[in-house]
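Trainee: Hello! Could you walk me through how to read a structure like this one?
Mentor: Gladly; let us look together and take one feature at a time.

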Amino acid sequence: MAPRTTDSFQDTLILQASLKERLGTVRNLVLKNDLDGADNLVRKLSAEWQQVSKKYADDPFGSDVGYTVDEIKRIEYREKLAQLSAFATRFHNADFAEHSAEFEQLMQNAYDLVDYGNFVDADVKIKALRNFLSENLVLHNKKIIFDISYEPEKEIWVMSGALDKQIMGARQNLYLTVYDMDANVHSTLKFSDTRQGELFTQWYAPIEPGLYVVTLQWQDVQASQIVDVPEKSSGVYDPDDLKNVDMAREFEELQSFIDTFGSSGYGANAAKFDPVISEIKTALHNKDFSSASANLSELRGLIERYLPTRAPNAVIEAYVQDGKLYLSGAIQKTIAFSEDIYVDIYDQKGNRVDEIPLKDNASGYFNQVISKPYLAGTYVAQLEYHDLIVSDFFHVN
């Protein structure tokens, strides 16, 4: 991490200003005779002040933006992600090469969640990253087949498998090595297979949370498995963390929605989208819910205005009014008779939620009202006619 550009004393003054502002909220609660609310907020402020003060005392130059409770959380999450990235680098092998791009994308998504302050989903993403590495960072060899399971009652790992031996009847030595996430040797074990090449052994499992690489060596052949000793999560989140989740999730859905259904429209109008997207990121980071909500509304408006796919020989219009979906449009045709056409409706998560059958007239015009409720969110109506695709976006409050 880069050195901080401001000293801890200045950052302490900033923190004091923030606390002073919230103490004003406490004063207002007291004036309203909401003594329980005032007491709870004072306790929270006191705990936050103690936590931040301790962090400054332990590591006064550990953050280039100053310490807050959220920044302390971000530092902890970033350390976990950096550890997973370093683990993937240390134990990278040819089998993992095809998964590297997906892993990097998962890592970037996790960093974004941490930056937005969406710690609830960041926890889920980190677990997904650990599972991804456990499944895909292993070293395969067709001459060794083995699996590892955990028996919690005895607190042991059990390994079983088989060797592809050319000559049966003789037992052979195998060497098992367990590495921790820093590639340090945790433990070693020497044992033998059966005369038929079957494997079975067990040993006491590590208790420290982390990923462990179990390497099995037989003659000049090597294979590995990864075992995950999970962290014990408290599952306790600040109310503001939970409030931030819904907005952060909607933002991520809208970004994915833009990539899937409006990338060309976004590219042509990036100058309009990018400042709004930047404002949303900043608001989520600062837990400025009012600003985040306003900018999300603006982003939805930009999507509806600039992302529809148009074509000179076809058009579709979609909007919701009084709980009904209105679809209309026209297709330029070379044949003068009515045809069956279909409009797909996708929600902002990218799921197709409807396939609406329509019938145009002989001139290619269509108009239909669908009396079906849709959940709140942004949608795209997409018409595909032969090799032509046109779309329109609509929002349901």
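Trainee: What share of the contacts in the protein with a separation of 6 or more comes from residues 24 or more positions apart?
Mentor: A contact means heavy atoms within 4.5 Å. In this protein, residues 24 or more positions apart account for 62% of the contacts with a separation of 6 or more. Before we go on, this is a predicted model, where local features need pLDDT of at least 70 and side-chain atom pairs count only at pLDDT 80 or more, while totals for chains, interfaces and linings use all residues. Residues are numbered from 1 along each chain as its sequence is written, and side-chain values use heavy atoms, with hydrogens and water left out.

Trainee: How many helices and strands does the protein have?
Mentor: Helices (H or I, at least four residues) and strands (E, at least two) are DSSP runs, numbered from the N terminus. Here there are nine helices and 14 strands.

Trainee: What part of the protein is made up of buried residues?
Mentor: Buried means under 20% relative accessible area, exposed means over 50%, and partly exposed lies in between, with a 1.4 Å probe and protein chains only. Of the 397 residues in the protein, 42% are buried.

Trainee: At what angle do the axes of α3 and α4 cross?
Mentor: Axes are lines fitted to C-alpha atoms, for helices over the stretch in contact, and angles run from 0 to 180 degrees between N-to-C directions. Helix α3 (residues 69-90) and helix α4 (residues 100-116) have axes that come within 10 Å and cross at roughly 170 degrees. Angles under 35 degrees count as roughly parallel, over 145 as roughly antiparallel, 65 to 115 as roughly perpendicular and the rest as oblique. The pair α3 and α4 is therefore roughly antiparallel.

Trainee: Which residues of α3 and α4 meet?
Mentor: On the α3 side they include Arg74, Tyr77, Leu81 and Ala88, and on the α4 side Phe103, Met107, Tyr111 and Asp115 are among them. By class, this contact has 11 nonpolar, one polar and three charged residues. For the classes, Ala, Val, Leu, Ile, Met, Phe, Trp, Tyr, Cys and Pro count as nonpolar, Asp, Glu, Lys and Arg as charged, and the others, Gly among them, as polar.

Trainee: Where is Gln108?
Mentor: Gln108 sits in helix α4 and is partly exposed, with a relative accessible area of 41%. Its C-alpha atom is separated by 9.7 Å from that of Leu81, 27 residues apart along the chain.

Trainee: Are α5 and α6 roughly parallel or roughly perpendicular to each other?
Mentor: The axes of helix α5 (residues 119-136) and α6 come within 8 Å and cross at roughly 70 degrees. These two helices are therefore roughly perpendicular. Phe119, Val120 and Asp121 in α5 meet Asp241, Leu242, Val245 and Arg249 in α6. That contact divides into four nonpolar, no polar and three charged residues.

Trainee: How much space lies in the second largest pocket?
Mentor: Rolling a probe the size of a water molecule over the atoms shows where empty space is left. On a 1 Å grid over the protein atoms alone, with a 1.4 Å probe, a pocket is an open set of points with protein on both sides within 12 Å along at least five of seven lines, and lining residues have an atom within 4 Å of a point. Grid points are joined across faces, edges and corners, and a volume is the space filled by probe spheres set on the points. The second largest pocket holds about 360 Å³.

Trainee: Which residues lie nearest its centre?
Mentor: Of the 19 residues in the lining, Glu253, Gln348, Leu375, Ala376 and Gly377 lie nearest the centre of the second largest pocket. The largest share of this lining, four residues, comes from α6. The lining residues divide into seven nonpolar, five polar and seven charged.

Trainee: Is His386 buried or exposed?
Mentor: His386 is exposed, with a relative accessible area of 63%, and its place is in the loop between β13 and β14. Phi of His386 is near 55 degrees, a positive value in a residue other than glycine.
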